[in-house]
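Hi,

Here is the structure I said I would pass on. Have a look at it first, and then read my notes below.

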Amino acid sequence: MNWLMRLNSIKVQSRRDIKSSIYSMGIYVVLTAVLLLTSYQLRGNLFAISEARVSVLPNPMLNPFFYTMVLLAVYLGLCSAMSISKERDLGTLEVLFYGPVDSISYVIAKYLQQMLVFVIAILLSVVNFYLASLATNLGFTPDIWRLMLLAIFVGSGMISFGILLSSLNKKITISVIVFLVFALIFLAFWFANIWISSLTVYEYDPQTQREVLKEFPAYYVYIRVILDKLNIFMKWISPIQYFQRGYTALVLKSTTQYWLNILSSVVYSAVLLILSIVGFNRKGVKR
Amino acid sequence: MRTVIKTALLILLNLILISALTEAQSYVDPITDEDYKQWQDTNEEVKSGQPKKERQLVYAINPYVGMEYADTFAPQQAQTLYLIENIDHVIRLKYTDVYYWPITGEYMADWSSYSQDIQGKLEIIKDGKVIDTLELDDYTVFFIGGLGGTQVLAVGEKAVEAYDLWEELFTQYQEEVVYYNQVLLPQYNADVNRITAEYNKTGLPVPEDEVPTEPRIPQIPDYFALPTNKGFAVNLPAGRYQIRLVDEEGQVIPDSQKNLVVFAQRREGVGYLMRPGDKWTMDFNSTDSSQAVYLNGHQVFYVEAYNAAEYNRYYYLRMTFPQRPLFAQGSEGAWFWVSLGTYYTDPYRLQILLDGKVVQEVSYKPYYVRQTGGGSLGYTIIDYDPTNPDLVYRDPSFYGYKINLQSDKGSYSMRLVDADGNVIPGSERVIRLVRNDRVWLLFVIPFLPLICGNGLFIYRRRLKLKAKPTV
C-alpha cells in the first residue's frame, strides 16, 4: 500500500472513530466526574487560604489541572487498550482488513482518534479552569497553557501505551486488566514518590522555638531508598513520570528541560507505536 | 497470550524485587561470626548505657551551610563527604574515640577523652590526578554584628588579624567596664546623693542643668572571633573528587582517603518571611518565585526578605550530618531551599505593582507590637519611633516591609529593588485577593462538558431522525 492510500485510509478510519467518540456520552461523563473531583481540591485550597488569611502557595490551579490531565490520560489510555482488542475480539477487524487498510494505517488511525478526543477534553478542561479562576480569582497563569501543551504529549504517551497493550492482546478483558495493573503501578509509584519526598525534614519545636531536624523511622528511609532507586527505571516507562518531569521543568522555568521533555515524550510515543505495529502484525487480525 | 502477560508481569515484579534487594544488600553485608560477636557486644553495651569506643581517624569539618559554619565530623563509616561549591570550608584530620549512639542513630566523637590533630598535607584528586595539595593554615571564624551575626571565615594572616582585632576590642571593652564601675558610676552615685541631700536640706528643686546624666553602660563589641586553629581551607568547583592526607615523605596516612562531592545550588532567589498583621507571631516563608501570595480579602501583612538558594536535599543534609548513616538516604531526587542569611534591609525597597505599574514603594522599617490594656488578648502594630515616650527603653518587635493593598480589584505583584531601582532577580511574587463568595460555582462549572455532550447527543439524534425517510 502506498502512503497516499494509507493517508486516505487513516483519514477515513479516524474520522469514523472520532465521530463515534464525540457523539457518545462516555468522555463527557468522565470529564465531568474528574473536574468535579478536582473542584474539591480547589475548594480545599480556597478554604485553606481563608483560614490562614495570608498564605503562600504555588498556583493553586496548577495541581488540580495536573491531576485532571493525568486522570484523563489514564482514561483515554484505557479506551486505547480496549480499542484494537475489542475489534479483534468481535471479529470486525478481519472484515476491515479486506478493505484498503493495513496495520500501519490502522494503528495510526486509532492513535489519532484517541488523541483528538484527548485534545477536545483538554480544551473543555481549560475552559473549566478559566471559569473557575474567574469565579475565585485564584489566577489563570500562562503556566496552565504550558502545562496544557505538555499534557498533549504526555497523553500521547499514555494512549500509545494503551494501543501497544491492545495490539498484543486478543481478548478485551485481558487488555483492560493489564492496562489497569500498569496504570495502578504508575499511579501508586507516582503518589508514593510525591508523598515520601514531600515529608518535611525540619519541623518547628515550640519548646526551643527553633526548627529542628525531624527523625523518621528506619522503614521510611528504606521505602524512600527503594522508591528512589526504582525511579531510575520507572522514569523511562511511566508516561506520568514524563509529565511530572515536564511539570517540574515548568515550575523551575527551565525552558530547555521543558522542551526536552516534550521531545522525549514524542520519542516514547513513536517507539510504542512502532512496537504496536510490530505486535499487531504478529498477532494478526483474526480472533 | 496469557503466558506472555504473566511473563511480562513477572519480569516487572522481578525487576522491582531485584532493585529493592540490591539496595538492601548495600546496607546489609553478609553477617560473619565477628559481626555477630560485635553485635552481641554492642547490645550489651547499649543495655548498660556504655557503648564501645573505637579510636579512628576522623574528618572534623566546618562546612559553610548557607548562613553559618556548621561543626560536624565524618567518622570512618562515612566514606563520602559533601561540600558546597566555590566557598571556603575547613577540614581537619584527627584521631579520636568514636562510638555509635543508637538512641539518636548517629556516631559520636568523644573529643574530651582523646583528640589528636594529624599533621600533613591534604591532596585533592580528580580523575586519578592530584590537582591540588593544601597545607595546614591558621583559620578562624569571625562574627560581624555579634555572636548571632554574619559569619566570615578568615585564613592565614587574616585569621590572626581577625582574632587580634577581637582581643583588642575586648580588652578595650573590659577597660571601659572597669572605668565605668570604678569611676563613672561611683561619681554619678555620689552626685545623685549630694543633690538628694541638698534637696532634703533646703527643699528647693535642683536646677535642671545640675542634674547629673547617668553614664552610659559600655557596649559589648558587635564583633567576635573564635580563637585561631589549624586546618585546611577547601574551596572547589562542583564535581567529584578524592581527598587524602599525606605525610612529609608523601606517604598516604592510612584511613585518610575519602570521596568528596562538591555540589552547586540549583537556583538562587529571594525568600520572604511573611507575617500576617492579625497573626504576627505566626510567620511563614515563601522561597520560590513560582509561589503566589494569596489573601483572603483585604489584609495587612509584613515581609522580610532574605537571599536563599535551592540545594539537593541529600547532598546538603549529608554535608551537615555525615555522622548520621541513615539520614537523608533516598532523598537524592529531592530539593529544598536554604536561607543564605543575608537580609535585604535599607536601602532596598519593596515595590507593589498593580496591573504592571508601580503603585507603592515601601521601605524597611521597625515595628512595635503594643498589647491592648485589660485582661483580654489583643494588640496593635505601630511604627516604631524611638522618640515616642511610650517606647523609651523598648526595642522594636520586628522589622519588615509593610504591605497594605489599596484596592481589591486588579492584579497585584511585589518585587524587591535596590537603591538604584534594579529589580532583585527571584524577588517577584504575584499577590492575589481570592473570592470565597462564589465557591458554589466550582461545582456548577464542571457540568459544562456534560451539557456539551448532551447537546451533541441530541443534535445527532435529530440528524438521524431527519435522515429517516418520511412515509
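Before the strands come up, one definition: two strands pair if DSSP finds at least two bridges between them. With that in hand, look at E4 (residues 89–101) and E5 (residues 106–117) of chain B, which are joined by eight bridges and run antiparallel. Within that pairing, B:Lys94 has B:Asp117 of E5(B) as its bridge partner. The hairpin leaves four residues between the two strands, and B:Gly105 there has a positive phi near 65°. Keep in mind throughout that this is a predicted model.

E5 of chain B also comes up in a salt bridge. B:Lys53 and B:Asp110 meet through their side chains, 2.7 Å from N to O. B:Lys53 sits in the loop between helix H2 (33–48) and strand E1 (54–62) of chain B while B:Asp110 belongs to strand E5, so this pair ties together parts that are 57 residues apart in sequence. Over all chains, the count of salt bridges comes to 25.

Now for the place where the chains meet. How many residues does each chain bring to the contact? Chain B gives 68 and chain A gives 69. About 6,100 Å² is buried between the two, with carbon and sulfur atoms giving 69% of that area. There are also 13 residue pairs in polar contact across the interface. On the chain B side, the elements that give two or more residues include helix H1 (2–27), strand E14 (267–276), strand E17 (300–312) and helix H5 (448–467). Sorted by kind, the residues of chain B that touch chain A divide into 40 nonpolar, 14 polar and 14 charged.

How many salt bridges are counted between chain B and chain A? The count is one. The partners are B:Asp278 and A:Arg53, whose closest N and O atoms are 3.1 Å apart. A:Arg53 is worth a click for its backbone as well: it has a positive phi of about 70°, although it is not a glycine. You'll find A:Arg53 in the loop between helix H2 (26–52) and E1 of chain A.

As for chain A as a whole, it has ten helices and three strands. From the N terminus on, its elements run α-α-β-α-α-α-α-α-β-β-α-α-α. The C-alpha trace of chain A spans about 80 × 45 × 35 Å along its principal axes.

Two last stops, both in chain B. The search of the whole structure turns up 42 aromatic pairs over all chains. One of them is B:Phe143 with B:Phe224, a tilted pair at 5.4 Å centre to centre, with 45° between the planes. B:Phe143 lies in strand E8 (residues 137–144) and B:Phe224 in strand E10 (residues 223–225) of chain B, so the pair ties together parts that are 81 residues apart in sequence.

The other stop is a cis peptide bond between B:Asp346 and B:Pro347, with omega about 15°. B:Pro347 is in the loop between strand E18 (335–344) and strand E19 (349–354) of chain B.

Happy browsing!

Notes: Residues numbered from 1 in each chain as written. Chains lettered and ligands numbered in written order. Heavy atoms only, no water. Contact = heavy atoms within 4.5 Å. Buried area = accessible area lost by both parts, 1.4 Å probe. Salt bridge = Lys/Arg side-chain N within 4 Å of Asp/Glu carboxyl O. Polar contact = N/O pair within 3.5 Å; in protein donor to acceptor, adjacent residues only side chain to side chain. Nonpolar A, V, L, I, M, F, W, Y, C, P; charged D, E, K, R; others polar. Phe/Tyr/Trp six-rings, centres within 6.5 Å; stacked < 30°, edge-to-face > 60°.
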